[in-house]
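Here's a quick briefing to get you started. Have a look at the chain below, then read on for what sits inside it.

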Amino acid sequence: MNEPVPVLRAVDGGTAKLMPDIDRERAWLLTVDGAPQSYVDLDDPTHLEFEYARRLAHVVDAAAGEGAPLDVVHLGGGALTLPRYVAATRPGSRQDVVEADRGLLALVAERLPVPDGTGITVHGADARAWLEAAPARSADLVVGDVFGGSRVPAHLTSVEYAREVERVLRPDGCYAANLADGAPFGFLRSQLATFAAVFGELALIAEPAVLRGRRFGNVVLVASHAPVDTARLARRAAADAFPARVEHGPALARLTDGAAVVRDVDAVPSPEPPGGAFGIG
């Protein structure tokens, strides 16, 4: 039997590399220009290697009763890790995945194909442009996981963008975004202020070391008009191999205090990670 070998491919956003996991027979790590993008186990789509992916999955798990199908929009596709998880844990879900890098989509379709009948539709398009054309009140959950290299693009950080997310969500729907920042949290604070201007309920899921400013890292922002089940999220986050905390209410208000709402005219990308923050090898 032939051993799987790494795959190197030029894509729109740089050089993509698929590396097999020697410990899991049909599992692959996807990087673009050395930055990890996705990890997929084709035999077990519920296996989530990256911490931020597990935290986004906690939001999925808390979004409805166990196993109930959801209508989900994924802004940012990568190797479709979270869509595969939703399809496996909530059969019958309708999912739209929006990924601007068509070369990356072609690589994933060729090497890590999604089985038929999963309810996943992939769109090669800019996330915000696709969202602006999407029907109102059509999604239970919108997931923002778009990175240009290792930075969230500026046009996905503004209040105008947040209003488009709100328009597409159903009244009890939820937005979950994978963000990255470090102390003094200028970007994160601006995102909290921006989404607080549109949504009534906010929460953060992050590793304590990141929240304390000890290192740069991923933070999952949760926004909704309906109450967020923070107790359920906290239980799941605390049970991770790398436990995370859920912050909400007064703690978030203190973190947000004084931060300005971001508008399209002054939006900037998330900060460049320090060297080695997200690199592989």
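**A first look inside**

Let's start in strand 8, where Gly144 is the bridge partner of Leu75. Keep in mind that this is a predicted model, where local features need pLDDT of at least 70, side-chain atom pairs count only at pLDDT 80 or more, and totals for chains, interfaces and linings use all residues. Residues are numbered from 1 along each chain as its sequence is written, and side-chain values use heavy atoms, leaving out hydrogens and water.

**Strand 8 and its partners**

- Strand 8 (residues 139–144) is largely enclosed by the rest of the structure, because five of its six residues are buried (under 20% relative accessible area, 1.4 Å probe, protein chains only).
- Strand 5 (residues 71–75) pairs with strand 8 in the parallel sense over four bridges; pairing takes at least two DSSP bridges, and strands are DSSP runs (E) of at least two residues, helices (H or I) of at least four, numbered from the N terminus.
- On strand 9 (residues 169–181), strand 8 has a parallel pairing over five bridges, with Ala176 as the bridge partner of Val143.

**The cores**

- The largest nonpolar core has 37 residues, and among those touching the most other members are Leu75, Val142 and Tyr175; such a core is a set of buried Ala, Val, Leu, Ile, Met, Phe, Trp, Tyr and Cys residues joined through side-chain atoms within 4.5 Å.
- A second, separate core of 30 residues includes Met19, Leu48, Phe50 and Val246.

**Helix 2**

- Seven of the nine residues of helix 2 (residues 81–89) are buried, so this helix is largely enclosed too.
- Its buried residues include Tyr85 and Arg84.

Terms used:
Buried means under 20% relative accessible area, exposed over 50%, partly exposed in between (1.4 Å probe, protein chains only).
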